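Dear colleague,

I am passing on the structure below, with notes on its aromatic contacts. Please read the notes with the structure open.

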Amino acid sequence: MAGGPPNRPAGARISRSAGFVVSVLVVTALIVLPTAVAAGLLTACSAGFAAVMIRAVRTGRSAGPHLRALVLAGGILLTALAAAASAVASVVAPDVLVAGGVPLPAEIPLVTLFFVTGCYLPAILRPHQRRDQLTRLRVGLDTLGVTASLIFPPWLLLSSGAERRGASTTALFLGAAAAATVAVAGVHAIRQRAALQWCAAGAALSLIGMTALVIAMDYATRGNAAIAAVAAAAAVNVAAGLMWHGSTRILPDARPIPPAGSESSAGFPLLTLPMLGSALALAYHLVNGGRLNTVSIVLGTTAITAVAAREWVSAIALRRRADHLTDQGNRLRSLMFGSADVAMILDADFGVRWQSPASARQFGLSDQDVLGRPVSVLVHPDHADAVHDYLTAQLAGPPTGASLPVRLRDGFGRWRETEWTTNGADPAEPGQTLVVHVRDVSELRHLEQALRQATHLDQQTALANQAGLRRAAELIPDAGAMLVVELGGLTAIGDVHGPEMAEVVLAEAARRLRAGVSGADVPARIGETRFAVLTRCGAVRAHLLTSQLVTALTAPYTTAGTTAHLSAWAGLTDLATDIDETVRRAVLALRSVRAGPPGAVEWYDEQMEVRLLRRSTLEQDLPGAVSMIDLELTFQPIVDLAAERPVGVEALPSWRHPTLGPVPAGELLALAEDLGLLPQVAVWALHASCRLLATWRLQHESLWLALNVRPRALADPAFQVSLHTALELYRIPPDALVIEVAEPDLPVVEDLPALLGRLRAQGLRTALDNFGAGPTSLSRLRILPIDLLKIDRELFGPDSGASVMDVTVALGRRLGLEVIAHGLQSPADLDTVRTAGCRLGQGDLLGKPMPAERLEAYLDAHREARRRIT
């Protein structure tokens, strides 16, 4: 019904029913069963809390550290099992005595007490608490005092009888020391304080209950033993609940950690209750005619000494704290009086109660002009509402650290630019005052304005700088393209004619750049020799504009009777959403043509960035690969087309990059040459290929090897020495080694014909590779000292006529050159070169480049085929 009570969940009803049933069973057990048995079973009920703690850890619902919860649960389970076993022993074997005459029902919880202590101490003493020396001494004295105070009352009670039993004495001293240790650790905890206070209280109470259970079972015949056993059982269950709450329900370090020496436990009256209990027990004992033995006197003296020593240590710590606060106050006072900032204390109505002495120095405001007046009379009328809203928000809540620009009238009637911040209330009157700091920023504002005017211009050329270019891109959203021009030769002008001449040429280049663009375009200087133009032109007009600017910038510079020349390259890109990304793309386009001839202009495209990224990666990794000899050689056979057998091989150095994959020989050699690593690569390839050739010639005597060498490596004296060393070391006849030079590389070294002639004079053979891919004319072949001519596929491919191949082969024969058709890819290519009379061929059709192992198998297969034919 709508007006009836809400339906309770089924789980809640079951939980209440189960609790009621457990309560009835506990009361029935206390009434029906013997007291010792009922107390043991009641203590065993604490295992339920342990089960809940273990389940919380397994399901991930434990708020605290899982290890602590498991260790505490283990201690609770040990306590429950020991109590249950003691209850069973009190029924089954009540008169059985173990070693030392200890009753079995008392021996079981006594032994378990050691294990429970071993569980509780590590769980409560972790994590390690950061304390200073005085705090550590105070913790030790608290532990000693609490231990003595916990032992003293039971000792008076136990020593009053005629018989003193060892089990009770051992349990009393062990349990009191362990309980005092965990209790003091919880009170003085700094890290995970909230959780440890609950867990420590539960552990201490559990240890006290366990000790009381041992004593009750040891003195089972005394009248109060039953009451002590029941009280111990109740204490253990309450302790289990406290440890369950502290280990699974409380978040560790949920509160801020106080600094060492300032924690709230520093003045906690920890010894008050134990000392009061000891005093009452002593008075009761003396009134009933009891006497004090030696142990009682020692325990009392220890407790009193610990209290006195603790108070003495606390006084020292308090005095040091007071001295520290006094020193900090003196420092704060000196900073306040010497500070350039002005501090004001405002009341709840924002009237000025106090101002720092800096107010008179900074603003000429005397106390008579300020104190007792509302702060609104000091600020500009336009800022009055903003100041009122700002101060109201700061007074209502915690300080946010936000600042407010305010125009303040100084003592001379001038308006000053200031910045106001607050850091909360005056500690003497929290909630009713507000501390305001006023900083004079007038000069800073003037400097910012001056810098804002100069920060967008390049001081040397008066063009926009990078910041100005970025600002211009924001103001010109419809710009079409970005071009970046780099000048070459400016450093040489400075070296030859002096830095003054270089500055004049740079200024003239900036003038030409400014004159070459329209008024809507923005020229800028973005580097030492790099300029940029943000233009509204489209792609075609931007390219035309770039070419005009490159032409203007490379025209001669005449000044003071001296003529200087600059070279220029340019990169272009469409305008992207981000100006920095636009400049980066234009620079990438510039970089792609920077290695080419001056005057080149290039547009950016994505493939260009991929190529440049690949190039940069290879440049970074190749030196390491060369030093670690992480290169490899592949070999491509050169075949006698008539006999269809291999007569030679070409060695091709390559590199398998770990991320970019194979790097072919042409790219590898060009990269090594640019990085200055070509001599090392050439020498390595020479020795590695000659070593393999010497092995192969043992089975294939007429086999020869061709090695492609760059002209710069060929001219290197170290390579020439390595060439003779390799021939002698591996005992290779000179005519078995062919040194190839690619036709496009002929203009690189002027005396290349002389170098090739010197090699031929030494018995080596030379070859011209890629003939037909470069500008070498047929007539030049007469003066080149070469033995083999490798014809590029452009002369016999599908796009070339067979007559060109015929003429080339015929000319080679007249000059005494052995012609090799390089790049055979299809049967049509093979028919063309055979028809022209070419004897040797090389290409993927006859055999792709392969590692040395596969080449050996290739050569062996052809040798076996020839044997079968013969």
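Predicted model: local features only at pLDDT ≥ 70, side-chain atom pairs only at ≥ 80, totals over all residues.

**Aromatic contacts**

Both Phe635 and Trp696 are buried.

In one of them, the ring centres of Trp155 and Phe173 are 6.0 Å apart and the planes stand at 75°, so the pair is edge-to-face. Trp155 belongs to helix H6 (residues 133-159) and Phe173 to helix H7 (residues 166-187), so the contact ties together parts 18 residues apart in sequence. Trp155 is buried, its relative accessible area being 4%. Phe173, at 33% relative accessible area, is partly exposed.

The rings of Phe635 and Trp696 also form a pair: their centres lie 5.0 Å apart with the planes at 85°, so this one is edge-to-face. An angle over 60 degrees is the cut-off for that class. Phe635 sits in strand E15 (residues 632-640) and Trp696 in helix H23 (residues 678-696); the pair links distant parts of the chain, 61 residues apart.

Which residues place a charge over a ring? Arg512 has its charged end over the ring of Tyr557, at 3.8 Å from the ring centre. Arg594 lies over the face of Trp569, and the distance to the ring centre is 3.8 Å.

Regards

Terms used
Residues numbered from 1 in each chain as written. Heavy atoms only, no water. Phe/Tyr/Trp six-rings, centres within 6.5 Å; stacked < 30°, edge-to-face > 60°. Helix = DSSP H or I, 4+ residues; strand = E, 2+ residues; numbered from the N terminus. Buried < 20%, exposed > 50% of the residue type's maximum accessible area, 1.4 Å probe, protein only. Lys NZ or Arg CZ within 6 Å of the ring centre and 35° of its normal.
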